[in-house]
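Here are my notes on this one, in the order I'd go through them. Have a look at the model first, then read on.

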Amino acid sequence: MPDFLSFVSDILWGSVMIYLLIGTGIWFTWRTGYIQFRYLRHAGKSLKKSLSPQPGGLTSFQALCTSLAARLGSGNLAGVALAITAGGPGAVFWMWVSAIIGMASSFAECSLAQLYKERDHNGQFRGGPAWYMARGLGMRWMGGLFSLFLLLAYGLIFNTVQANSVAGAMRYAFNLPEYVTGLILVVVCLLAILRGLRGVAKIVQLLVPVMALSWLAASLVICAWHIVDIPSVIETIFRSAFGWQEAAAGAVGYTISQALTSGFERGMFSNEAGMGSTPNAAAAAASWPPHPAAQGIVQMIGVVVDTLVICSATAMIVLLSGQQMQVDAADGIQLVQQAMTTLGGSWGTQFVAGIVLLFAFSSIIVNYVYAENNLIYLRKFTPNNIRLLRACMLVMIMAGTQLSLPLVWQMADIVMALMALTNLTAILLLSPVVRIIASDYLRQRRLGIRPVFDPARYPEIARQLAPGSWDNVPRQ
């Protein structure tokens with residue numbers, strides 16, 4: 001079974017996904033007028049003016065923290081270490097590239113989710129890829145297929161990845177049995193998800209800044225202690241990314257293909273740009289200013305924070321320590337723990353264990369929110385189905401503490417690719433709508449007025465929107 005999963009994963013990531021991710025990111029960079037370079041600064045203004053609770057939706061800050069909670073998981077620690085082990089230091093460079101071009105894909109999917117959102121029976125905004133597939137493309141079956149992939153990924157498999165990393169870290173740091181770690185995760189995650197979407201949003205609004213800043217601060221301190229080695233590490237990343245390091249050494253070493261594949265694969269697992277998960281959080285926001293593009297721009301911050309900041313911090317820790325040379329290391333999180341201990345002392349092992357616990361907890365509870373959101377789309381949002389989903393999620397958390405790491409990552413890679421293939425196909429088909437959203441926003445910015453989306457300007461789009469989703473938007 002592991003050999004078969006590895007074969008499928010190699011086919012998907014060795015050719016199909018890499019070209020599709022790169023092509024989609026470049027396409028939307030061009031179609032949106034290079035929006036990730038020109039208008040990212042406007043995200044700060046949107047966040048400052050959207051800290052107060054909004055009727056029917058989360059604030060932009062809550063939606064950003066919710067999406068970051070899902071992104072900031074074991075992929076930022078174990079995933080980065082595994083990428084470097086598999087693809088060499090050059091994988092870090094390709095992770096950066098995946099983030100830069102992925103910002104445009106993230107803008108596209110999150111803007112579409114905000115545009116095609118609708119209200120549930122409680123008046124809360126809901127939406128995501130399934131909704132824009134159904135409303136924007138008129139393909140409800142495609143939305144159903146995507147929802148099933150998401151339920152499989154976020155309701156089940158991805159939680160095993162998070163639990164697996166936490167269990168390994170706790171065993172390595174405190175010699176804590178895996179089943180004890182599993183029971184702790186099950187209890188705290190259950191208590192959190194019982195609070196619902198708004199309850200989870202309030203938790204991660206407080207937790208995400210603390211855990212992200214803690215990891216970043218520790219990494220900066222370590223880098224400051226070893227600042228003389230930083231230039232050589234950065235040089236190694238760039239030389240390895242294009243095979244110059246190995247060519248100069250007269251050895252085969254890591255190939256460009258290995259570095260590129262590993263970088264994009266782990267980069268996407270971490271920042272989720274184009275995968276279709278983040279739009280579930282973006283759609284729940286009452287965006288400010290009241291324009292779909294505003295939420296798309298805010299969510300681009302998540303890609304920057306996740307990959308260009310947090311993942312880069314992890315990569316510097318691993319590369320400064322030289323632990324990446326231990327290519328037989330089977331557990332990515334233990335490699336990070338060893339690296340931190342090598343550079344900072346014995347406290348590093350326990351510190352990494354604590355950070356990965358917080359990262360995994362926040363990811364798991366938001367994963368559940370995403371899965372629950374798609375039960376609504378499938379019209380299966382009943383008490384019995386909710387209880388079944390929660391039970392399956394908790395079982396998979398326990399199972400994740402017992403499964404072998406390679407098997408868990410292979411399953412995650414395959415289902416992630418299936419989700420992304422479906423979502424990227426949809427947003428490419430909807431690229432004319434994305435261009436309209438971006439152009440309308442940029443036009444109003446150039447005029448010096450606050451962007452407001454008026455569906456009446458675009459009758460074809462207006463007919464596709466859910467009743468009441470944009471009716472109360474203030475006009476200029």
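1. (Buried is under 20% relative accessible area, exposed over 50%, partly exposed in between, with a 1.4 Å probe and protein chains only.)

2. Ground rules: this is a predicted model, where local features need pLDDT of at least 70 and side-chain atom pairs count only at pLDDT 80 or more, while totals for chains, interfaces and linings use all residues. Residues are numbered from 1 along each chain as its sequence is written, and side-chain values use heavy atoms, with hydrogens and water left out.

3. Overall make-up: the protein chain has 21 helices and two strands. These are DSSP runs numbered from the N terminus (helices H or I, at least four residues; strands E, at least two). Of the 476 residues, 61% are buried. Take the contacts (heavy atoms within 4.5 Å) between residues at least 6 apart in sequence: 82% of them join residues at least 24 apart.

4. The unreviewed UniProt entry annotates "transmembrane region" at residues 12-30, 137-156, 176-194, 206-228, 351-370, 391-409 and 415-438. UniProt positions are in the numbering used here, feature names are shortened, and annotations may be inferred rather than shown by experiment. In the model, 206-228 is 87% helix and 0% strand, with its end C-alpha atoms 35 Å apart. For 415-438 the figures are 96% helix, 0% strand and 30 Å.

5. There are three cavities of 30 Å³ or more. A cavity here is a set of points on a 1 Å grid over the protein atoms alone where a 1.4 Å probe fits but cannot get out; lining residues have an atom within 4 Å of a point. Grid points are joined across faces, edges and corners, and volume is the space filled by probe spheres set on the points. The largest cavity holds about 90 Å³. Eleven residues line it, with Leu21, Ser98, Gly102, Phe264 and Ala273 the closest to its centre. Helix H6 (90-115) and helix H13 (256-271) each give two or more residues to that lining, and H6 has the largest share, four.

6. Backbone check. Most residues other than glycine have a negative phi. Asn175, in the loop between H8 (140-174) and H9 (178-193), has a positive phi near 55°; Asn175 counts as exposed because its relative accessibility is 54%.

How values were computed:
1 Å grid on protein atoms, 1.4 Å probe; cavity = no way out; pocket = protein on both sides within 12 Å on 5 of 7 lines; lining within 4 Å.
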